[in-house]
Amino acid sequence: MRILLVEDDAEVARFVRKGLQEAGHVVEHAANGRDGLFLAASEQFDLLVLDRMLPGGVDGVRLVETLRAQGNRTPVLFLSALSAVDERVRGLKAGGDDYLVKPFAFAELLARVEALGRRPAGDAPVTRLRVADLELDLLSRTVTRGGKRIEVQPREFRLLEHLMRHAGQVVTRTMLLEKVWDYHFDPQTNVIDVHVSRLRQKLDKGFDKPLIHTVRNAGYMIRAD
Amino acid sequence: MDPSLPAVAPSGAAAAVPRGGMAPPAGDRRERAPRGPGLPPPSGEDLAAGPPPAEGPLLHLLRSAGFRFALLFAALFAVSILAFALVLWWGTAGALDRQTNAVLRADALALEERWREAGASGAAEAIEERLAVDAEAESIYFLRAPDGRRLAGNLDRWPPEMEDASAVWADLSVTHDGQRSEARLHAIRLPGGHRLLVGRDVSDKIRLRQLLAEGLIWAAGFALLFALFGAWLLRRALETRLRPAFRTAAAIAGGDLRQRVRLTGLGDEFDRLGATMNAMLDRIDRLMAGVKGVSDAIAHDLRTPIARARAKLEDALRAAPDGAATAEEARALRAAIEEGIADLDAVTRVFQALLRIAEAEAGARRAAFAPLDLVPLLADLAEFYGAAAEAAGQRLETDLPASVPLTGDRDLLLQAVANLLDNAVKFGPPGGTVRLSARALPGEPGPAGAALVAEVTVADEGPGIAPADRARAGERFFRADASRNTPGSGLGLSLVLAVAHLHRGELVLEDARPGARPPGLRARLRLASG
């Protein structure tokens, strides 16, 4: 992916840039909002990673608002030191697609970058998700594996749906908390792990190949092999 | 986050946790603090705590204060009218009476003089002369001989009421010159047992006095009406002038700091009150903005270095195996770095919790309040934490009604109940049961004067909190000695308390099973709407 990083803190920028490049992405960097806006408006990127507070008169929110006003729909991930609920809401309202509070683990950032950048193109609604022999029907809301029906709770269905929509990508615990439960606080316990392992038991029972994999220090991934 | 763990928590009375910090052990500071020393206690409700749109408390207060002022005004008015009438009466009717008396006394003296000079015949002659020139027939005379005979005068007979020698003055109805009339009479004794009666017909004066009295009564009646009307006007004016100040105060209490008291420009006391309030609000606004600026700055200036440090550690983690000489060294280095990262994450979590608490306590989030139903939120949370309870060998039971509507902050309410559930699971024994329940309250008055409409209860079978520690349990970083070695920052209950206060409610901590051992903890989060 071609990613534009707009971040004024040189060290954080270097760390993010290096990490993203190691993960195989091409990264352009701007150190202030004005340069960032210029680059974002004049070149084609798959994703923008923006600091919320930027020097140079154009902060992250202004930058996104300007881009969106010009019809630029490039996905935007906010990085911010502002954690207040209102700030997150403001960032998303301005046109951001995700919001990550500093300090963050790089794995968290990478997972969110990949989730945002590899969103399915086109507006055709997906009605059926498939990973190996696991099938999830979004219309009848049923789960089958190898043709065998698996009973899941509504919340487990949403959890599985989120994992399958991002099949082959790492999904972090915080992402699951935010996207599946819509919780924006730290539950202080490993509840997510408990929910995932329950789901995993249901899916893998009677099958040799596990589908949901734990990615150390990052999160979970559903994949065929 | 941690309640204390004393094994011997006697089943004590429930203790409401005071507002954080150095609050006194009981009661809500907000309830008492803002009342000035010189002001009389407002009758009934607390002005500052009233719900923003409802004007009940202030109107109630106004009614009493305005009514008192109006009453005072009417009373003063009535007293001055009474004094005026008295002076008028004394100066008119009274003066007429005094004048009559003086004339009678002078006439009697003159006749007595005549008696001394010319004897009885001389006096009789003088009386006849006087009667002859009295065109209006107002004068009354009676000169009586010791045997009761009339020597001179126009009165038919000596009035029996004045037979007694001691009777000197009298107001009587008498017949003179063939007509009955009201008269003022003065009797004196003359030498040799004679007596002289001098009088004046006062029928006209009495009529005049009646007219005067009637006039005064009418005037007083109208004056009283004016007084009542004036009192009503005064009360209304007072209410009208105070309402902007009240509206503003109510809006501020509701979290809208932009409101200001509208001034009339008259520069009177009410304007001065409004201007003082506005100055105070400006200052509060600046302070709030300052606090917000400071916490934003802290957020930025503290998070950025932590982010850098974390980034460096993560970098080092990737490089460590190559840089280390042996596999053993590499492992040790890696472990040390991972611990460093975990510590930084712990710092971030505490910091995040503090910011959240500050956010809730500032009340700024009241602007983000929205109507919601607690039941689906709680059911979701129960499902979420049910997994954690199960993993800890416990059960999470719920008792939720069909609906508990409330206007509040979804995210903060969720986090508050999540903290309570997390605590309950953390401190409950394996095999124990955690109970989450909710109910709508019938609007009983809360600590901040607002009507409580919802209650969320989390009960566990853990060691509970000793009654002595309950009041302090909501303080930041408070951890009872018994819970020092359990994980947690000591901020969980502080957040719950801050959320309770944000919703103008309270957090009540009590024994879940009074008398049992361990007593368990029942935390009741009681909330007002909006």
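The conversation below takes up the terms one after another.

Biologist: What should I know about the model before we start?

Modeller: This is a predicted model, in which local features need pLDDT of at least 70 and side-chain atom pairs count only at pLDDT 80 or more, whereas totals for chains, interfaces and linings use all residues. Residues are numbered from 1 along each chain as its sequence is written, and chains are lettered from A and ligands numbered from 1 in the order in which they are written.

Biologist: How many helices and strands do chain A and chain B have, and what makes a stretch count as one?

Modeller: Chain A has eight helices and 12 strands, while chain B has 10 helices and 13 strands. Helices (H or I, at least four residues) and strands (E, at least two) are DSSP runs, numbered from the N terminus.

Biologist: What share of each chain counts as buried, and what makes a residue buried?

Modeller: A residue is buried if 20 or more other C-beta atoms, placed from the backbone, lie within 10 Å of its own, exposed if 12 or fewer do, and partly exposed in between. By that rule 43% of the 225 residues of chain A count as buried, and 33% of the 530 residues of chain B.

Biologist: What about Asn217(A), and why does it fall into its class?

Modeller: Asn217(A) has 14 other C-beta atoms within 10 Å, so it is partly exposed. Asn217(A) lies in the loop between β11 (212-215) and β12 (219-222) of chain A, and its phi, too, is near 60 degrees.

Biologist: Which peptide bond is cis, and where is its proline?

Modeller: The cis bond joins Lys102(A) and Pro103(A), with omega about -10 degrees. Pro103(A) sits in the loop between β5 (98-101) and α5 (106-117) of chain A.

Biologist: Which residues make the contact between α6(A) and α7(A)?

Modeller: From α6(A) come Arg158(A), Leu159(A) and His162(A), and from α7(A) come Leu176(A), Lys179(A) and Val180(A); two residues are in contact if their C-beta atoms, placed from the backbone, lie within 7 Å. These residues divide into three nonpolar, one polar and two charged, where Ala, Val, Leu, Ile, Met, Phe, Trp, Tyr, Cys and Pro count as nonpolar, Asp, Glu, Lys and Arg as charged, and the others, Gly among them, as polar.

Biologist: What makes β6(A) and β9(A) edge strands?

Modeller: The open sheet has four strands in the order β6-β7-β8-β9 (chain A), with antiparallel pairing, and β6 (128-131) and β9 (148-150) each pair on one side only. Two strands pair if DSSP finds at least two bridges between them; strands β7 (residues 134-137) and β8 (residues 142-145) of chain A have four, and Leu134(A) has Arg145(A) as its bridge partner in β8(A). Helix α6(A) packs on this sheet, touching β6, β7 and β8 of chain A.

Biologist: How do you know that strand β12 of chain B is mostly covered?

Modeller: Five of the six residues of β12(B) (residues 506-511) are buried. β12(B) pairs with strand β13 (residues 521-528) of chain B in the antiparallel sense over six bridges, and Asp511(B) has Leu521(B) as its bridge partner.

Biologist: How many residues of chain A touch chain B?

Modeller: There are 27, in contact with 30 residues of chain B. The largest share of that side of chain A, four residues, comes from α8(A).

Conventions:
Axes fitted to C-alpha atoms, helices over the stretch in contact; angles between N-to-C directions.
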